[in-house]
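Please open the structure in your viewer and keep the selection panel at hand. The tour below moves from one selection to the next and says what is found at each stop.

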Amino acid sequence: MTFAELPFLVFLLCCTFASGQSTDDWRSVAAAQSFIHDRFDNNCIITVKASKNIHVYAPGQQLDTSDSAAIVQRLHNTTLLLCKYAAAGSTPVSTAGRYAVVTAGNTIDYLTRKDVILYSSLSKWEALRTKFEYGDKQQLPVFVSLGSLDTLQLKHKSPACPWGLKTKHNSLKVIGLLAVFTFNRDLAGLIYIDGDASILDYNVLPTDYTALSQASPDVIATSNWRTPVLANGGVLMFRNSPGSHRVLALWWAYRCLRHDQPGLWRALIEQMPGGKLPGTNHQDLWLPYHSQPVLHHFAHTHDLIRRESGFQTPWKCDGACGWVYRETGCLKEPLEIPGLLLLPPLPVDANGHRLAALQHYSGYLYRNESAQWICHTDNQGGKLCSPKTLNEERNRLQMLKSSFRLCDHCKIAANILRKYSCKKRGFNTTYLCNCEQVLLPEYEMHEAESKVIAWCRACPADEQKIIIRYNSTRRTGFKKIPTTGVKGKKQAVLFGSSQAGYGKRSGLKSGQKHH
């Protein structure tokens, strides 16, 4: 052992003696639940007062107030509340056999902010109210995980994440989700919804999505509407099962740096058969700022994962769907492996029924329809939810839509795939295309001829068919998104750049203001 390794060994020993567990147990469900019992107070009711303020009643913390500052002072960044919503004059809805709606925030002020969320005309307060109203209508329990652990979070260094956190709020929602299951064992499952996401359709049920699979997946997730990722962490469904508990415990243990999603991806992958992606050095995938290859490797190995585990499902994403996924990282159809169902950012046709997209569908932008259950306003996505999310940019939007029609956007996507592919030149594991445009064409696979036909049905008949010869040596990738995709037309990338780094908001020209 070298002198340089001593601090890491000391950290491991401290974790071991502090928890009373061996070094192999630091990421276990038992370790996470021990933390939950130590830090959470679940004797808490949250209501909406006539004054349109949130009221918190937690007798164990001597709280009976709507004052956010008083709650923060009482919790003192050492205790978290798991509050159950109750409609005015009522008791909370039973959890028995139901799915719960769960959201999280560090303070009441954060959850009830009335200012407009960036890229939207919605506020976090309006988003929170939709969760309560939905619970009232469908008689589903609603939970709010509330509080912060500033000192503990900033000192966090797990054996898998020695570089620690860059923000004190990272992944507090994750331990809150496991707390919901820990204190409510009779739940069927839960759907987590970020504070900047609102429910659009009160008639959709969580079971509409679980019914897509006969295998009862532990986790249901979807990707981004622009830059593709394995799974977006803002809207997720979890079954109340040992598998989902392990995913949540691992995600909590792997919280790192500024963003929580790489920890989610690692947790999902370690729950897959074999505990890693075939043909990869598992540890190398999780170095700081090195999470992009994860999606590329998964897109190329999900079929092998199913075959080696003997897993049967109708959602294989083979043929044209598989080619698009490998080439772009964008999912055209549902994809299922043991324990995980990934949904596309599109409505799903199943058994003759059209099911709304879970989130991140760009339907309003191109097809003048909402067709999604949840409006997530991250990364400019609020522009896509429904007409009510548009504000002063309505005229600019309408002008863009009339001058750059669905046909043109569809041809741009197909021609980029025909000429360049979606891979970054010199970095074959990095995807650069926008899923909102890549998913516009219909794709038809002709494997014997090494070609894919992209159909743009909104175009005139003589412009609908674009042939992509995917073995062409001319498709060498590109350093950045090309500025032209259709002869005589400039590529319009609406509301931001797909080249933005993970977590960045971009797409506005220098000097242009956010609205």
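**Disulfides and a covered helix**

Searching the whole structure gives 6 disulfides, a disulfide being a pair of cysteine sulfur atoms within 2.5 Å. The model is a predicted one, in which local features need pLDDT of at least 70 and side-chain atom pairs count only at pLDDT 80 or more, while totals for chains, interfaces and linings use all residues. For your selections, residues are numbered from 1 along each chain as its sequence is written, and side-chain values use heavy atoms, with hydrogens and water left out.

Begin by selecting Cys-44 and Cys-83, whose sulfur atoms are 2.0 Å apart in a disulfide. Cys-44 sits in the loop between β1 (40–41) and β2 (45–48), whereas Cys-83 belongs to strand β5 (residues 80–85), so this pair ties together parts that are 39 residues apart in sequence. Strands (E, at least two residues) and helices (H or I, at least four) are DSSP runs, numbered from the N terminus. The link of Cys-44 and Cys-83 is right-handed, with 75° about the S-S bond. Are these two cysteines, Cys-44 and Cys-83, buried or exposed? Both Cys-44 and Cys-83 are buried, where buried means under 20% relative accessible area, exposed over 50%, and partly exposed in between (1.4 Å probe, protein chains only).

Select next Cys-407 and Cys-459, which a disulfide joins with an S to S distance of 2.0 Å. This pair links distant parts of the chain, 52 residues apart, with Cys-407 in helix α15 (residues 406–419) and Cys-459 in the loop between β20 (451–455) and β21 (465–469). With 110° about the S-S bond, the link of Cys-407 and Cys-459 is right-handed. Cys-407 is buried at a relative accessible area of 1%, and Cys-459 is buried at 5%.

The link of Cys-410 and Cys-456 is left-handed, with -90° about the S-S bond, and both cysteines are buried.

Finally, select helix α7, residues 172–183, whose 12 residues should span 16 Å at 1.5 Å a residue, in agreement with end C-alpha atoms 17 Å apart; the expected span is 1.5 Å times one less than the number of residues. Helix α7 is mostly covered, with 11 of its 12 residues buried, among them Leu-172, Ile-175, Phe-181 and Thr-182.
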